[in-house]
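Hello,

Here is the structure I promised to pass on. Please open it first, then read my notes below.

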Amino acid sequence: MIARLLNRTQTRRELRSPAWFADYSLALAAIAIACLGVAMNYAATWRSLSFEGGDPWTVARRQAIFVGIGIVVMVVAAVVDYRVLRFYSTPAYLIILGALAALLRWAPEIRNARSWFTLPFFGFQVQPSEFAKLVVIVSLAAFVANHEGYLRFDTLFNAGLLLVVPMALIYLQPDLGTMLVFVAVAMGMLLVAGAQLRHIFVITLAGVLALVLVFSIDALQGPRLLSETQRNRLTAFLDQEFEPLEASYNLRQSQIAIGAGGIWGQGWKQGTQTNLDLVPEQHNDFIFTALGEEFGLVGGALLLVLYAYMTVRIWQIARVASDPFGRLLAVGILSMLLFQVFQNIGMTIGIMPITGIPLPLMSHGGSGTITAFAAVGIVISVGARRYAL
């Protein structure tokens, strides 16, 4: 009798539309963070734009457009059955590799890197490496899903090849921050998929030794494996008294801005460091400093609560996913978002090196914002179809 009732309940669930099981609170949390990001984009740029005689709403308006597009993408990703992504993972992977390779040949150099294409007529910049994060998650999930439960070393090696090629192309841009995101994503997905701890330890140890070797070669004036900016940033992280001053200038100004916010902050548009434009790239990589200065510890804590809520919801969806592919998608996206939040906020307060990783849904940029919303939409799709056959 009980088994019959359970079967009947399961049948009713399967007959319902996925909309019944969609996690709308996850979408609302993402939208709330994005709206806060638009407000902080305005706060970080209005004074300097007004001083230059421009429209103070330029940056905030552009970010609002990105958020609007991102919400549409999130809805589409949530409505589409995530399992179709498995069949398009290989073409998407090859296309993104082509885009990354094309950057090195045709993209203009901006801020000492070839990371952006500029769209004609619109003037917007597209950063393929942001989309590559999501494409690699889908490709890796599609590959590993067939071996979930126990991953042999040869399977790990083949999975590593999926990462090595895009990481090599991103290294040549150069973009060390995005490479670190790929590593975090791979570690999270492979560990959940059943990789043995000794294999993870060996891979991690090899990565650490490679990083030490690269840094040591540069320090000994050998072949230049890191750009000058990357060397200076890593040195400034290890020694915050490092000169020249500009190598640690971003970190010092960031810490001053956050410290000036105190408990309650100085108020929206009232931050001294923010209004004086003392924190470079504040509306991009250092957007958290504007929030910390103008809304203080309370504002920073609220943002962290929203990120924590998203983390918990994504993890819950991963646990109840109906198949290994969906579970790995959710875990990969969780690893991506969680690492970026930790790295970005960590670098603003000095516990992590400055690597240029944006704060998801907060930092200015269309590629990153749309990618984050698309990732949230995919997770919602996974959760909405947890009773699907």
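By about how much of a helix are Tyr42 and Trp46 separated in α2? About one helical turn, because they sit four residues apart in that helix, which covers residues 24-51. Keep in mind that this is a predicted model.

The aromatic pairs come next. The structure has four of them. Tyr42 and Trp46 count as stacked because their planes meet at 15°, with ring centres 6.4 Å apart. Tyr42 is buried, at 7% relative accessible area. Trp46 is buried too, at 14%. Tyr42 also pairs with Trp268, and this pair is tilted. Here the centres are 5.7 Å apart and the planes make 40°. Trp268 is partly exposed, at 37%. Ring pairs tie Tyr42, Trp46, Trp57 and Trp268 into a cluster.

Now the core. The largest nonpolar core holds 92 residues. Met310, Leu329, Leu359 and Met362 have the most contacts inside it. Beyond its sequence neighbours within four places, Leu329 touches residues including Tyr82, Ile137 and Val382. A second, separate core has six residues, among them Leu251 and Met347.

Last, the cavities. There are two of 30 Å³ or more.

Best wishes

Definitions and conventions: Residues are numbered from 1 along each chain as its sequence is written. This is a predicted model: local features need pLDDT of at least 70, side-chain atom pairs count only at pLDDT 80 or more; totals for chains, interfaces and linings use all residues. Side-chain values use heavy atoms; hydrogens and water are left out. A nonpolar core is a set of buried Ala, Val, Leu, Ile, Met, Phe, Trp, Tyr and Cys residues joined through side-chain atoms within 4.5 Å. Buried means under 20% relative accessible area, exposed over 50%, partly exposed in between (1.4 Å probe, protein chains only). Contact means heavy atoms within 4.5 Å. On a 1 Å grid over the protein atoms alone, a cavity is a set of points where a 1.4 Å probe fits but cannot get out, and a pocket is an open set with protein on both sides within 12 Å along at least five of seven lines; lining residues have an atom within 4 Å of a point. Grid points are joined across faces, edges and corners, and a volume is the space filled by probe spheres set on the points. Rings of Phe, Tyr and Trp (its six-membered ring) pair if their centres lie within 6.5 Å; planes under 30 degrees apart count as stacked, over 60 as edge-to-face and the rest as tilted. Helices (H or I, at least four residues) and strands (E, at least two) are DSSP runs, numbered from the N terminus.
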